[in-house]
Amino acid sequence: MTHFEPSSGLPLNRIDGPAKVTGQARYAAEYPAEGLLHGSVVCSSVPRGQIRRIDCSAALAVPGVVAVLHHLDRPPMAGDDAPYQDADAAEGKPFRPLFNDRVLYSGQPVALVVAQSLELARHAAALVRVEIDPEPFQTDLLAALADAHPAPTELPKPRGDFQRAFDAAAFKVDATYNTPSEYHNPMEPHASTVIYQADGSLHVHDKTQGTQNSQDYLHQVFALPKDRVRVCAAYVGGAFGSGLRPQYQLALATMAALKLQRSVRVTLTRQQMFTFGYRPRTVQRLQLAADAQGRLQAVRHQATAQTSRFEDFTENVVQWSGMLYRCENVAMDYQLVPLDVYTPLDMRAPGAALGLIGLECAMDELAEALGMDPVALRQANFADSNGNEGKPYSSKALLDCYRQGAERFGWSSRDALPGSRREGHERVGWGMAGGVWEAMQMKASAKARLDADGHLWVSSATTDIGTGTYTVMTQIAADAALMALDDVTFLLGDSSLPTAPLQGGSFTVSSVGSAVRQACEALRGKLIEAAKARFAELADEPAQQFRVSAGQLQVGERRYDLGEVLQGLPGGALEVQLQAEPGARRQGFSTATHSAVFVEVRVDEALGTVRVSRVVSAIAAGRVINPKTARSQILGGVVWGLSMALQEQSEVDHQLGRPMNHNLAEYHIPVNADIGDIEVLFVDEPDDIVNELGSKGVGEIGILGVAAAVANAVFNATGKRLRDFPITLDKVLAG
């Protein structure tokens with residue numbers, strides 16, 4: 001019998017790659033249905049007010065227009081707030097599409113035109129006249145700071161005496177950093193195709209990061225039996241958090257399908273992608289103090305962020321400042337300002353992507369005040385335990401990230417004097433920053449089924465938002481079952497499959513992967529039991545001798561027909577379903593991923609333009625199941641971090657109360673020409689505590705610290721400390 005070679009740890013190609021590049025992969029707005037109708041959303045043009053009248057006559061007069069839905073003409077919906085609460089809901093009263101005559105934000109959906117084609121629906125939607133009595137509004141965070149209130153979240157308790165330690169310290173930094181609102185803008189716009197079945201049940205294809213979350217939402221809002229609603233998301237063209245909550249197109253498409261008893265599709269325009277959640281604007285004040293050796297004596301992180309008037313969106317913005325470095329005197333504060341805007345939404349590395357901008361820029365400012373190398377300052381304050389929790393880390397290879405990243409980047413040749421290095425008409429600067437993200441694990445279920453042909457079918461309701469879930473789950477299943485990859489198929493993206501958490505937070509491999517592994521190991525154990533019970537000569541054979549290959553059970557040199565082994569079982573197959581949950585060993589430890597990112601920028605002396613020519617990102621994320629897909633995750637995170645640093649922001653006209661650059665022409669994000677060389681290093685970090693796979697996840701960690709590293713590099717290049725993000729050429733020239 002040949003030796004089994006595990007696939008985990010190998011840089012394998014994506015299993016879903018061929019379907020995507022050949023166009024066989026269907027997304028939410030691409031599923032056909034007989035007699036399919038199309039919906040176009042009519043949005044409010046004011047941020048606050050009361051609808052006085054909706055004139056649908058011109059739209060309804062267009063041949064091919066079937067209906068116009070609005071708050072006075074729609075199917076019944078739940079009247080209470082609770083049914084609208086979803087698995088990622090913020091505290092407060094969730095938004096209820098087309099519920100009443102109140103306008104809560106600019107861009108709010110106020111009507112849906114349904115027609116026989118998308119073009120007709122769009123045309124007719126432009127004919128709907130909505131009369132709104134406007135009311136005074138406020139959309140500017142900086143103008144409403146006096147209205148701030150504490151965020152409804154439990155912050156870590158202050159430790160030590162911050163003020164006394166800060167006042168007594170020899171070296172101090174007190175700086176304020178501003179970040180703008182940012183929008184997700186995945187390649188695939190949000191869409192829902194609701195297929196109305198002959199028996200009145202609904203088969204929904206939704207752009208979502210949680211099919212069961214969307215199913216629960218429809219079940220609760222429209223009082224539909226769960227077994228009458230099936231939600232699928234076989235492929236998702238990027239989401240980054242935008243699909244964690246059911247977005248309003250799902251409710252509108254379902255309303256139309258129920259009212260008309262027809263299949264209906266609603267696809268949002270690119271402009272309408274700016275009419276729901278986003279990364280919130282923040283103002284952050286960082287106060288750091290250190291002794292002459294660079295040891296932190298005091299840390300205070302205060303953040304103020306915007307939210308809607310109907311929900312208090314909270315994320316972990318300040319907590320990272322109490323856990324990344326060792327310090328005995330720490331204070332944190334997090335405030336929210338309610339505005340006439342939609343509720344913010346989790347966006348890749350929610351909270352940390354913002355909070356680490358403040359912390360890691362302030363650490364660089366402290367290093368400058370001390371005359372100390374930024375890497376050396378961070379090494380001097382390395383924490384092997386989480387100060388917020390009072391627990392040691394299960395593993396923390398951050399020192400290796402500093403060392404390996406600096407070595408690969410060539411950090412030792414950095415000139416600390418700002419503006420000292422020039423090449424032609426450009427000033428060259430080097431900067432770095434650290435990153436941290438919690439390594440979480442949620443309860444998750446998986447099913448493993450081995451058929452008589454020797455094929456293993458593994459399933460869970462999780463999704464693949466481009467992260468490589470299809471691939472890594474297949475690798476985990478194949479290794480646990482000791483089978484070849486080609487003999488394993490992983491099924492996902494269907495609410496009828498075993499329960500899975502939302503895909504987000506970098507915990508899918510940890511959560512669903514653990515369930516897949518356990519289910520396949522249990523199935524293998526049952527297969528061995530069944531074989532030994534049927535064939536007496538196998539009674540004393542060790543478990544490692546049993547393998548399924550080429551449709552047969554192989555035990556050493558013996559071969560057995562798999563159908564005979566499985567004979568008598570339901571369906572002639574062996575099936576196991578179970579739920580995995582965090583292990584008890586985790587309780588005594590803090591678990592997190594860490595990173596160190598090094599950046600080279602080139603600043604044009606005359607134009608003030610900044611380009612990033614080189615990035616090295618060193619990542620400590622436990623065991624990496626697939627280095628190729630993991631590297632892709634880090635590359636994407638780094639690019640987004642560069643976008644946060646130099647380009648990305650929502651330009652809001654506060655006199656109108658809405659974003660003005662609500663398109664991909666003016667909402668600037670990097671293109672290929674903006675990106676230089678990016679090198680990714682995965683440092684060795686064994687961890688048998690975080691989960692049985694030893695994997696911590698890489699979806700978030702790649703973006704963290706990147707924007708701060710760019711800002712720090714710009715300072716090294718120019719001597720200008722810019723604290724208002726993004727760092728655009730006008731700020732460089734004026735700074």
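This is a predicted model: local features need pLDDT of at least 70, side-chain atom pairs count only at pLDDT 80 or more; totals for chains, interfaces and linings use all residues.
Let me begin with the open sheet, in which 5 strands follow the order 20-21-29-30-33 with mixed pairing; strands here are DSSP runs of E, at least two residues long, and helices are runs of H or I of at least four, both numbered from the N terminus, while two strands pair if DSSP finds at least two bridges between them. Strand 20 (422–423) and strand 33 (675–682) each have a single partner strand and stand at the edges, so one side of each has no neighbour in the sheet.

Residues are numbered from 1 along each chain as its sequence is written, and side-chain values use heavy atoms, with hydrogens and water left out.

Strand 20 runs antiparallel to strand 21 (residues 426–438), and 2 bridges join them; E423 has E426, in strand 21, as its bridge partner.

Two helices come next, and contact means heavy atoms within 4.5 Å, whereas axes are lines fitted to C-alpha atoms, for helices over the stretch in contact, with angles from 0 to 180 degrees between N-to-C directions. Helix 9 (residues 398–409) lies across strand 21, strand 29 (592–604), strand 30 (610–620) and strand 33, at about 25° to strand 29. Helix 14 (residues 706–718) lies across strand 21, strand 29 and strand 30, and runs at about 155° to strand 21.

Finally, V103 is found in strand 5 (residues 102–103), and V103 and A592 are 42 Å apart in space, C-alpha to C-alpha.
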